[in-house]
Amino acid sequence: MANVFEQALDLGEPKRLLIFGAIAESGSIGAAARELGWSQPALSQHMNALEKDLDVTLFDRTPRGIRLTTAGQLARIRANEVATSVTGLRNDLAKAFGLGGRNVRLAGFPSFVIGPLAAALGRLEANAGTQADSPLHHSYEVSEAEPPEALRMLDDGAIDIAFLFHHEDEAPPELPGHMTVDLGADHLDLLVPERWNRAGQIQHLNDVAELPWIMGCVRCRSTAERLCRTAGFEPRTRHITDNPGAIQSLVSNGLGVALLPRSARRYSQIPGIDPIALAEAGARRVTAMIPDGLADASEVVDLIDALRASDVTGGGAGADGIAPAVNSAGATGTLTDGYSDSR
């Protein structure tokens with residue numbers, strides 16, 4: 001018994017069905033010929049062959065164009081299904097293998113990858129799936145790396161964009177031939193076990209000077225230690241992990257206190273924790289470092305726009321949200337105005 005592919009091939013070239021769909025959509029053979037860039041006689045020949053293969057009349061010619069027969073109306077439905085299937089295959093291949101557009105290699109720190117970056121890439125995928133006539137599909141490849149490693153990868157050419165952070169009292173990272181997009185201020189909160197602060201007595205860093213500490217990655221630990229020393233004490237480190245979920249779990253179980261960026265709790269919150277906003281803890285700046293040659297590329301602009309729409313730091317617009325970007329001349333503007341130049 002012939003399988004479904006053999007049955008379909010018995011009808012002749014599948015392309016003819018797509019050509020018929022274009023004619024039905026345009027309303028006339030002449031209009032379809034102009035749109036497809038074919039000659040009108042060539043389309044007529046294909047339609048004569050298709051009607052012969054199907055053994056039906058698909059449309060009647062009128063002075064105003066064509067009028068679909070009942071058979072033609074059914075064939076038009078199938079033609080649209082075939083066109084959608086072929087377009088869907090192209091999109092699937094583009095998403096899986098980066099075909100048809102640039103494959104942009106990204107690296108970012110864990111809480112950024114699991115939160116705003118994943119949300120932004122999901123937004124781009126959803127938009128691509130709803131725009132059949134959209135330009136070439138962009139493909140993105142994600143690696144997880146802390147800022148120092150991501151910066152090295154960018155310098156070595158292993159990635160195209162590095163997502164970094166630095167505390168506001170530190171100098172921002174720089175790399176010749178690259179520019180920096182400021183994605184916002186990510187405030188640090190002091191996390192304490194809820195039962196340790198029932199009376200609300202913890203209001204400053206020195207209020208937890210005698211308590212055990214849970215530290216994060218090397219860079220985060222350096223920042224926390226510096227802030228504690230500024231507050232007048234040396235933190236007593238009990239546990240170390242660069243997993244935001246593990247830090248929260250340790251705090252919630254009464255094993256210590258920690259400083260954690262607000263965005264790290266935006267996508268995964270563990271109960272039993274009292275997050276305390278302290279002005280003295282400050283904030284870290286989240287940035288994207290991009291080679292000069294890629295700054296205006298559509299795939300980069302689209303990604304930055306999607307990140308902005310995803311609200312990277314979770315603070316919304318204003319002081320806690322997308323902060324002004326400062327260029328080398330000292331002028332300010334939001335991300336919608338462009339990039340800040342760190343060269």
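Trainee: Is Asp55 buried or exposed?
Mentor: Asp55 is exposed, because its relative accessible area is 68%. The cut-offs are under 20% relative accessible area for buried and over 50% for exposed, with partly exposed in between (1.4 Å probe, protein chains only). Before we go on: this is a predicted model, so local features need pLDDT of at least 70 and side-chain atom pairs count only at pLDDT 80 or more, while totals for chains, interfaces and linings use all residues. Residues are numbered from 1 along each chain as its sequence is written, and side-chain values use heavy atoms, with hydrogens and water left out.

Trainee: OK. Where does Asp55 sit, and what is its phi?
Mentor: Asp55 is in the loop between helix 4 (40-54) and strand 1 (59-62). Its phi is positive, about 60 degrees, although Asp55 is not a glycine. Helices (H or I, at least four residues) and strands (E, at least two) are DSSP runs, numbered from the N terminus.

Trainee: How many helices and strands does the protein have?
Mentor: Ten helices and 13 strands.

Trainee: And what percentage of the residues count as buried?
Mentor: 44% of the 343 residues. The accessible surface comes to about 17,700 Å², and carbon and sulfur atoms hold 52% of that. Those areas come from the Shrake-Rupley method with a 1.4 Å probe; for residues, only the protein chains shown count as cover.

Trainee: What share of the contacts is between residues 24 or more positions apart?
Mentor: They account for 72% of the contacts with a separation of 6 or more. Contact here means heavy atoms within 4.5 Å.

Trainee: Let's look at a loop residue, then. Where is Asn197?
Mentor: Asn197 is in the loop between strand 6 (178-193) and strand 7. It counts as buried because its relative accessible area is 7%.

Trainee: Which side chain does Asn197 pair with?
Mentor: Asp274, through a polar contact of 2.7 Å between the two side chains. A polar contact is a pair of N or O atoms within 3.5 Å; within protein, one must be able to donate a hydrogen and the other to accept it, and residues adjacent in sequence count only if both atoms are side-chain atoms. Leaving aside neighbours within four places in sequence, Asn197 is in contact with Val192, Ile202, Asp274 and Ile276.

Trainee: Pro173 is in a loop too. Which one?
Mentor: The loop between strand 5 and strand 6. Pro173 is buried, at 18% relative accessible area. Not counting residues up to four places away in sequence, Pro173 touches Leu151, Leu164, His166, Thr180 and Met289.

Trainee: What about Val251 — buried or exposed?
Mentor: Buried, with a relative accessible area of 0%. Val251 lies in helix 9, and its contacts beyond four places in sequence include Leu191, Ile214 and Ile273.

Trainee: How much space is in the largest cavity, and which residues are closest to its centre?
Mentor: About 320 Å³. Of the 28 lining residues, Cys217, Cys220, Leu260, Pro261 and Arg284 are the closest to the centre.

Trainee: Which element gives the largest share of that lining?
Mentor: Helix 8, with five residues. Among the other elements that give two or more residues are helix 6 (110-130), helix 9 (244-252) and strand 9 (258-261).

Trainee: How do the lining residues divide by type?
Mentor: Into 17 nonpolar, six polar and five charged. Ala, Val, Leu, Ile, Met, Phe, Trp, Tyr, Cys and Pro count as nonpolar, Asp, Glu, Lys and Arg as charged, and the others, Gly among them, as polar.

How values were computed. 1 Å grid on protein atoms, 1.4 Å probe; cavity = no way out; pocket = protein on both sides within 12 Å on 5 of 7 lines; lining within 4 Å. Points joined across faces, edges and corners; volume = space filled by probe spheres on them.
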